[in-house]
Structures are given as structure tokens and as C-alpha cells.
Amino acid sequence: MIKNWKRIGIVLGVIILGVLVARFLILPRLQPHVFGGAVIQSNQQAPRTDLISADGPVSIADFEGEVVVVYFGYTFCPDVCPATLNKLADSMALLGDRADEVQIMMVSVDPARDTPELLKEYVTHFHPDFIGVTGDEATVNRVATLFGVVYEVAAGTEATGYTIDHTSTVILVDREGYLKLVLPFEGTAEQIAADIEYFLG
Amino acid sequence: MRKKWIIRSVVPVVLLFVAVGAFVVFEPIQVLPRIRISPGYLLMNQDAETMTSEDVRGDIVLYSFTYSECGEECMDIHNTMIEVQSRLGEIDTGDVDVRFVTISFDPETDTPEVLTEYASRLDADPDVWQFATGDPVHLENVVKAGFEVYYQEHAGGDFSFAPVFILVDGWGVIRGEYRYQTNASDADKIVRHLDVLGEEVRNSHGAASLAYEAAHFFLCYP
């Protein structure tokens with residue numbers, strides 16, 4: 001009788017141990033984090049060109065050790081940019097304290113109208129820690145190209161002036177300065193926060 | 001009695017190892033690595049229309065690079081494109097289109113008229129294959145810095161350049177780079193990779209997509 005209890009105890013122990021190992025060691029590995037966008041698998045260094053913010057020159061290299069989320073937009077942008085920046089602000093809120101290790105950066109695709117001061121006022125309206133950067137036309141064009149972004153002046157209305165059609169992806173740069181993730185416009189704040197958290201480690 | 005227990009506990013572990021081993025050896029799922037972000041570009045095509053990287057977002061695109069005055073030397077590059085174009089019927093990419101874009105780095109000579117004439121000379125199907133060029137400074141950013149394709153103009157209008165084909169997926173991510181020492185290239189390889197990419201696209205929904213992401217994960221995740 002006692003022998004039987006012993007055996008049942010051992011079997012139960014093994015089962016519980018097995019379940020724990022499967023749940024915490026095997027399953028997380030078999031079930032990779034599902035990203036909201038396309039992950040770049042090689043080490044593609046983000047352009048380290050100096051851009052200008054209201055508080056002086058800014059380069060991706062300044063944020064080594066942090067995850068940098070880069071978005072291209074402009075302050076006169078009627079719909080897409082505010083929606084994306086709101087979403088990014090929401091994802092920062094979801095990250096809580098870990099948001100300190102993240103820098104959200106908007107690069108202007110409208111350097112003619114977006115002064116560094118105007119950009120600062122615009123992006124901090126969404127979140128106090130966001131930074132807005134610009135540069136001369138040639139610099140912005142080069143940086144945008146390398147981030148896979150294209151923009152084109154389009155005729156707007158008389159009230160708004162011209163508008164700019166631009167790529168609406170969000171690009172994530174990891175702590176070491178490598179381009180790692182391209183997120184589509186459709187991604188949710190929850191998804192973006194989860195992806196940022198993955199790269200925070 | 002004890003033997004039975006050992007067999008019962010060892011068999012699943014062995015099966016698991018065999019399954020993983022089979023996955024590695026037989027590669028039932030093949031994936032192309034996600035290499036780099038494909039550059040954004042704003043060019044003008046053979047119909048004098050603006051053509052941007054956003055126009056082909058969602059499509060699989062095969063890029064080649066040349067200039068129209070290259071002549072016979074470049075025919076190997078074009079023959080590869082022509083062969084792949086003729087074999088597109090072998091590939092199933094679901095509802096995703098395959099497109100070809102040939103970028104000329106000689107905008108001075110390659111006006112839309114020249115490119116149109118060039119395209120017809122190569123029997124390029126206008127629904128599939130476009131030719132484009134643009135502002136020289138922008139071209140440097142796109143072709144040299146973005147696609148990492150070398151070219152250099154010489155006095156007299158000739159160029160030296162590296163024969164390269166680049167395969168980009170619908171996300172705008174470079175999935176294949178074919179860099180050759182000579183202009184002679186391997187259309188078979190490109191067709192095979194288009195097929196692998198097509199397979200991934202067709203399985204990009206539901207449970208199958210998880211298996212493909214897992215394959216990426218095993219290959220080379222961050």
C-alpha cells in the first residue's frame with residue numbers, strides 16, 4: 001500500500017515538473033514572440049546623420065542603449081501623423097517605467113515649413129518626451145531613403161497649403177543602433193508596446 | 001515493469017529530437033532571410049509617370065540596375081530578367097503580384113522615350129516590368145546607399161557598375177541579393193527564391209504563419 005502511494009507521489013511529481021518545464025522553458029521557445037511588423041534579421045545600421053532639434057543637433061547614435069522608434073511626418077499633416085503619434089504615446093503609457101528606455105523621434109518630411117521649434121511644440125503635444133527633428137532637404141531625403149521612406153509634395157487645399165504624401169511605417173532601432181523592425185500604419189498601440197518590450201529585452 | 005517506464009519516458013524525447021532533426025535536415029519550410037530595409041524612392045518611369053517605392057508596397061519586386069547605352073555587355077543581365085519573366089508562370093505567389101523594376105543610373109540619357117524604346121527592345125511586359133530613373137543625387141542615395149549597388153560614371157558617358165539583382169518583399173524588406181563577379185547570372189536561383197517567397201506569402205495567415213515565423217526564428221533571429 002505504502003509502496004503504491006510512493007509511486008503515485010513520484011509520478012505526480014514528475015508530471016508537475018514536466019508541466020512546469022513545458023510551460024516555462026519549452027513553450028516560450030516554441031512560441032516565438034509574434035511581431036506586428038517585419039523583423040530585419042541582419043545588422044543594418046541606422047543612418048547616423050546629424051539632424052536638428054529645437055535643443056540642438058540630434059543623431060540616432062546619441063541614444064545608444066535605448067530603443068529608438070522613428071517616424072516620418074510633418075506638423076501640417078492632417079490625419080495619419082496625429083493618429084500614429086497618438087498611438088505611439090499610448091504605447092509609451094503601456095510600457096510604464098520602461099518607457100524611460102525608449103525614445104520616440106519624428107523626422108520631418110517638410111523641412112521647408114517645419115522649423116525645429118514648431119516640431120518641438122507639435123510632438124510634445126502628444127507626449128512630453130517625444131522629439132521632433134529636421135534638417136536640410138538633402139539630409140532629410142537621404143535619411144528617409146535609408147529608412148525605406150519616400151515622400152512627395154501633393155496639392156492640398158487653399159486652407160492647408162500643400163500636403164505631403166509619405167510612407168506611414170514606424171521603424172524601430174534597437175539598443176545597439178541597428179534597424180530592427182518595420183511596423184505598418186495599421187499596428188495597434190498594444191502591439192507596438194509588445195514589440196518595443198521585446199527589443200528592450 | 002521498470003523497463004516499460006523507461007521506454008515510455010524515453011520514446012517521446014527521442015521522437016522530439018527526431019522531429020527537430022528532420023526539420024533541420026529536410027527543411028520542410030524554407031524561408032529567405034529578411035536582410036535589410038529596401039530604400040524609399042521617388043523616380044520617373046518609362047511613361048514619364050512618377051513611380052515610388054509605395055506604389056509597389058505589397059508586391060514582390062525584382063530590381064536590376066543598368067543604363068541604356070550599356071549595349072551588349074549588359075545583355076546577360078537583361079537575359080536573366082527576360083528568363084525570369086518568361087518563367088513567372090511556374091511560381092504561385094497567391095494574390096501578390098511579382099514586378100520587375102530596372103533602375104537606370106543615367107538620367108541624362110535615359111529619358112522616358114529612351115526607356116520606352118529600351119523596354120520594347122527587351123520584350124518587357126509593361127504590366128510586369130518597369131524602367132525608371134530620377135534625380136542624380138536621389139539615385140545615389142537609393143542605389144548606392146540603399147540598395148548597396150556600386151556604379152561610377154566615366155568621361156564619355158560610360159559607367160562601370162556591379163551586376164546585382166535584388167529581391168524585395170511586400171513589406172519593403174530586401175529578401176535576396178544576387179551579386180555576380182561577371183554579368184552571367186543564375187535565373188534558376190532567382191526563380192527558386194521567388195517560389196520560396198511565394199510559398200511564405202501564401203502561408204502568411206493563421207497557424208501556418210506561426211510555423212514560418214518559427215522557421216525565421218530558428219534561422220537567424222535577433
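Which handedness, left or right, does the crossing of α2(A) and α5(A) have? In this predicted model, the crossing of these two helices of chain A is right-handed. Helix α2 of chain A covers residues 80-95 and helix α5 of chain A covers residues 189-200, and the two pack with their axes 8 Å apart at an angle of about 55 degrees. On the side of α2(A), the contact is made by A:Lys87, A:Leu88, A:Asp90, A:Ser91, A:Leu94 and A:Leu95, while α5(A) contributes A:Ala189, A:Glu190, A:Ile192, A:Ala193, A:Ile196 and A:Glu197. Sorted by class, the residues of this contact are seven nonpolar, one polar and four charged.

Chain B also has a packed pair made of its helices α2 and α5, whose axes lie 9 Å apart and meet at an angle of about 40 degrees. These two helices of chain B are therefore oblique to each other, and α2(B) passes α5(B) in a right-handed crossing. The residues that make the contact are B:Thr80, B:Glu83 and B:Val84 from α2(B), together with B:Ala187, B:Ile190 and B:Val191 from α5(B). Of the residues in this contact, four are nonpolar, one is polar and one is charged.

The next step is to see how the chains meet. Contact between them involves 29 residues of chain B and 23 residues of chain A. On the side of chain B that touches chain A, β1, β3, α4 (136-146) and α6 (206-220) of chain B each supply at least two residues, and the largest share, six residues, comes from α4(B). By class, this side of chain B has 16 nonpolar, nine polar and four charged residues.

Helix α4(B) also packs with a helix of the other chain, for the axes of helix α4 of chain A (residues 137-146) and α4(B) come within 10 Å and cross at roughly 35 degrees. This crossing of α4(A) and α4(B) is right-handed. From α4(A) the contact draws on A:Ala138, A:Asn141, A:Arg142, A:Thr145 and A:Leu146, and from α4(B) on B:Val137, B:His138, B:Asn141, B:Val142, B:Ala145 and B:Gly146. These residues divide into five nonpolar, five polar and one charged.

Finally, each chain has an assignment into domains. Chain A is divided into domain 1 (1-31) and domain 2 (38-200), with 48 Å between their centres, taken over C-alpha atoms. For chain B the assignment gives domain 1 (1-30) and domain 2 (36-214), and 44 Å separate the centres of these domains of chain B, again taken over C-alpha atoms.

How values were computed. Residues numbered from 1 in each chain as written. Chains lettered and ligands numbered in written order. Predicted model: local features only at pLDDT ≥ 70, side-chain atom pairs only at ≥ 80, totals over all residues. Contact = placed C-beta atoms within 7 Å. Helix = DSSP H or I, 4+ residues; strand = E, 2+ residues; numbered from the N terminus. Nonpolar A, V, L, I, M, F, W, Y, C, P; charged D, E, K, R; others polar. Domains from an automatic or database assignment. Axes fitted to C-alpha atoms, helices over the stretch in contact; angles between N-to-C directions. Parallel < 35°, antiparallel > 145°, perpendicular 65-115°, else oblique. Left-handed = near helix turned anticlockwise from the far one by under 90°.
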